[in-house]
Amino acid sequence: MQTLPLITHPHAQSVLAWRDGQALSAAQFLADVAYLRRQLPEGLHMLNACSDRYRFTVGFAAALTAGKTCLLPSTHTPEMIRQLERFAPDTFCLTDDAYCSVALPQIHFPTATTDIAANDDADTFTVPEIDVEQTAAIVFTSGSTGTPVPHRKTWGALVHNVRAGAVLTGLSDGRRHAVVGTVPPQHMYGFESTIAVVLQTGNAMVASNAFFPADICAALASVPQPRMLVSTPVHLRAIAQSDAKVPKIDHIVCATAPLAKRFATQLEATLAAPLMEIYGSTETGQIAIRRTADTQDWRLFCGVRLHQDERGVWASGGHVEQPTLMSDVITVVDQERFLLNGRIADMVNVAGKRSSLAYLNLQLNAIPGVADGVFFMPDEETTPGVTRLCAYVVAPTLTHAALMAALRDRIDFAFMPRPLVLVDALPRNATGKLSRQALLTMISSTNKSGTEARVGLA
């Protein structure tokens, strides 16, 4: 049986996490894991709903070392919980929220686990080994284009994935980094880039979840350098537009939606740090990286390869456990590089002309004064009659006429939105994504309310 260690921190005193500026050691982590493992019920599937990043990680490790599997849906809506119950009837919920409303048998994270300060030495520091074939987690697609789909992640594939990514993002440069995340640990990107990668590189996570610019800056300021910020375009845009004084950042990692080169360059200048974009999917995990300010080419992780057939482009090799058909329009440059042209589901054809929603969104959000914006193609049930592209935009300082004029300079007239709606905010989830259902609800609400003053036709 081949195994890999639960953590790679070399010493009992190695810092594995930070909470409110206080260091939590690797030995403390292993003791907390052992304590919680003894409290877990008999069920083999655990919904890890802990919002605190360190507690989430203790819960994940306790389940892993007990032979249980973490279920990681990106949302905890009642419908998602019902789907989990159908998928695994023995599922129980680990939570650190006294008012958790998840309708599953619950176990609350202990308010106090152990005090092992006297045993914080090398003689008591024994790291568990995990079978590489063991299922570490079952992650679920976001459901942004349909029903969430489960995907099994083995310990071996997960470890190889995050170790390869750490080399490319700078986390394996020999220093001990503090990783601040704005992405929930239940999301595949957050799970890989703020949890698994910390366990497998000897670095340290920040326990708190930073969301607003002030919270992000406070989290960064609470830990020593070097610091890595793992974030999304929505969060980075909010930081750049705020008046907050941002502490020194050594590395920035971004994912969930592609960045425009001009915006990436602006972010690097504003935050004075290199920005690396990650590309991947729930099905494959992270598979490619680029420094967007320098190039539009994506570089594949070690061992991962793309090949194309009549169905599309497939990813395989490396940590990808089985050949996976990608949901994006991809141009393969060579064995190690490719270009990303948008999602297949996002391709739109208007009057014989083709474009992608991803490209249109990039152009919309590149307009000075636009804080957030999205193009959307509703279905006929939502908008009976002629179905046309529409756009929702957050731009407090711009008029509808100014926005339309700026768009005409950037996109073909065939793709001008009809209508373009000015709104106060978009219904993004914690990872910055917009589900199709949320957008359908928004356009239905707009149609019913008749907000003529805020709507214009091209």
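1. The largest nonpolar core has 77 residues, and I7, F29, F60, W155 and F191 touch the most other members. Here a nonpolar core is a set of buried Ala, Val, Leu, Ile, Met, Phe, Trp, Tyr and Cys residues joined through side-chain atoms within 4.5 Å. Buried stands for under 20% relative accessible area, exposed for over 50%, and partly exposed for in between (1.4 Å probe, protein chains only). Another core lies apart from it, with 23 residues, including W18, A204, I249 and A264.

2. A word on the basis: this is a predicted model, where local features need pLDDT of at least 70, side-chain atom pairs count only at pLDDT 80 or more, and totals for chains, interfaces and linings use all residues. Residues are numbered from 1 along each chain as its sequence is written, and side-chain values use heavy atoms, with hydrogens and water left out.

3. Do have a look at F60. Leaving aside neighbours within four places in sequence, F60 is in contact (heavy atoms within 4.5 Å) with M46, N48, C70, A136, W155, L158, F191 and L199.

4. Ten salt bridges are present, each a side-chain nitrogen of Lys or Arg within 4 Å of a carboxyl oxygen of Asp or Glu. One of them joins D297 and R337 (2.5 Å, N to O). D297 sits in the loop between β16 (285–290) and β17 (298–300) and R337 in strand β22 (residues 337–343), so this pair ties together parts 40 residues apart in sequence. Strands are DSSP runs (E, at least two residues), numbered from the N terminus.

5. D297 counts as buried at 19% relative accessibility, while R337 is partly exposed at 33%. R337 also meets D334 in a salt bridge (2.7 Å, N to O).

Terms used
Helix = DSSP H or I, 4+ residues; strand = E, 2+ residues; numbered from the N terminus.
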